[in-house]
Amino acid sequence: MRAEGPGTAEGPGLYVYAVVRAGTPLPRKSGGVGSPPAPLRTVGAGPVAAVASAAPVPLRPRRRDLLAHQDLLTQLAVSGPVLPMRFGMVAPDEDALRAQLAAAEAGHLAALDRVAGHVEMNVKALPAHDSLAALVAGEATVRRLREAARRRPGYEADVRLGEAVASALARRAGEAGRRALRDLAPMARATAGGPEVPGCALNVSFLVAQADSDRFRATAERFAAAHRDHVDLRIAGPLPCYSFVGTGTGTGTGTGTGTGAGPGGRSAPAPVGGG
């Protein structure tokens with residue numbers, strides 16, 4: 001399986017959306033990528049199957065196709081566990097896809113068992129740029145530098161003040177984000193730390209039972225409201241379990257993440273067969 005970049009074309013091939021358990025029904029009113037939308041089909045290998053369609057040529061990350069990819073994953077998750085592929089995964093043909101599915105069967109089954117009945121919730125903690133008044137009131141260093149800049153205005157004074165404000169905002173967001181992680185982690189089966197995102201103090205995904213997703217979101221939103229002077233907490237989900245389908249990620253309640261990318265900001269899981 002290969003990942004095609006924007007504007008490339010290596011032949012039609014099969015565009016792969018996800019790996020599911022054999023027998024998982026396809027959504028009736030959903031099409032694949034391409035214009036017009038390509039018909040969906042499953043390619044099976046024993047107890048697992050891949051959801052695929054003809055790959056458009058050229059394959060580009062157009063908004064319509066990114067949304068179609070994400071919408072299909074969300075609809076598939078209604079019928080059972082899903083191992084989502086990142087946007088742009090293409091297999092050369094059905095025989096190659098079946099071979100890859102068979103080779104990775106044990107890992108796929110274990111991952112499907114792990115995410116069954118669960119969804120992913122992603123939480124990002126960003127500096128609360130709209131709370132400068134609270135920042136000044138709570139940070140003696142910022143107050144001192146602001147007064148100094150008022151007494152002796154100039155470029156250097158402004159730079160020192162700006163650096164102090166940025167540092168304090170990031171520190172307060174990080175502290176609040178870590179408190180949010182401690183509060184929310186007990187509600188999840190597992191957590192997975194995401195990659196660094198510019199301007200983001202914390203990026204964590206949570207594997208949450210579907211039945212608990214509303215309670216998780218409500219708890220996160222209450223935390224965000226109570227700490228709005230310290231952090232801009234952004235909650236996404238419920239989502240397909242991008243961050244918990246690989247081996248060795250996010251097990252237990254420790255920290256272990258996933259368009260083109262999943263909610264954590266990185267590429268979703270590797271293609272079937274690990275190619």
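A salt bridge, defined as a side-chain nitrogen of Lys or Arg within 4 Å of a carboxyl oxygen of Asp or Glu, links Asp-113 to Arg-21, with 2.8 Å between the closest N and O atoms. Because Asp-113 belongs to helix H3 (residues 105-115) and Arg-21 to strand E2 (residues 14-21), the pair ties together parts that are 92 residues apart in sequence. Helices (H or I, at least four residues) and strands (E, at least two) are DSSP runs, numbered from the N terminus. The structure is a predicted model, in which local features need pLDDT of at least 70 and side-chain atom pairs count only at pLDDT 80 or more, whereas totals for chains, interfaces and linings use all residues. Residues are numbered from 1 along each chain as its sequence is written, and side-chain values use heavy atoms, with hydrogens and water left out.

The chain contains seven helices and 10 strands. Of its 275 residues, 47% are buried, where buried denotes under 20% relative accessible area, exposed over 50%, and partly exposed in between (1.4 Å probe, protein chains only).

In total, 11 salt bridges are present in the structure. Arg-21 is partly exposed, at 31% relative accessibility. A further salt bridge joins Asp-65 and Arg-64, whose closest N and O atoms are 3.1 Å apart. Here Asp-65 is buried, with a relative accessibility of 3%, while Arg-64 is partly exposed at 37%. Glu-175 and Arg-171 also form a salt bridge, at 3.6 Å from N to O. These two residues lie four residues apart in helix H6 (residues 155-184), so about one helical turn separates Glu-175 from Arg-171. Salt bridges with shared partners connect Glu-139, Arg-171, Arg-172 and Glu-175 in one network.

Helix H5 (residues 140-151) comprises 12 residues and spans 17 Å from its first C-alpha to its last, close to the 16 Å expected at 1.5 Å a residue; the expected span is 1.5 Å times one less than the number of residues. Val-142, Leu-145 and Ala-149 are the buried residues of H5. They lie on the same side of H5, because they cover an arc of only 70° around the axis, the arc being that of the directions from the helix axis to the C-beta atoms. The face turned away from this buried side carries the exposed residues Ala-140, Arg-144, Arg-150 and Arg-151. Helix H4 (132-138) and H6 are included in what covers the buried residues of H5.

A nonpolar core is a set of buried Ala, Val, Leu, Ile, Met, Phe, Trp, Tyr and Cys residues joined through side-chain atoms within 4.5 Å. The largest such core has 23 residues, among which Val-16, Val-19, Leu-83, Leu-97, Leu-101, Val-115 and Phe-244 touch the most other members. At least two residues of this core come from each of E2, strand E3 (40-45), strand E4 (48-54), E6, helix H2 (94-103), H3 and strand E8 (190-193). A second, separate core of 21 residues includes Met-121, Ala-188, Val-204 and Phe-206.

Val-90 is located in strand E6 (residues 89-91) and is buried, with a relative accessible area of 0%. Its C-alpha atom is separated by 8.8 Å from that of Pro-12, a residue 78 residues apart from Val-90 along the chain.

Note on methods
Contact means heavy atoms within 4.5 Å.
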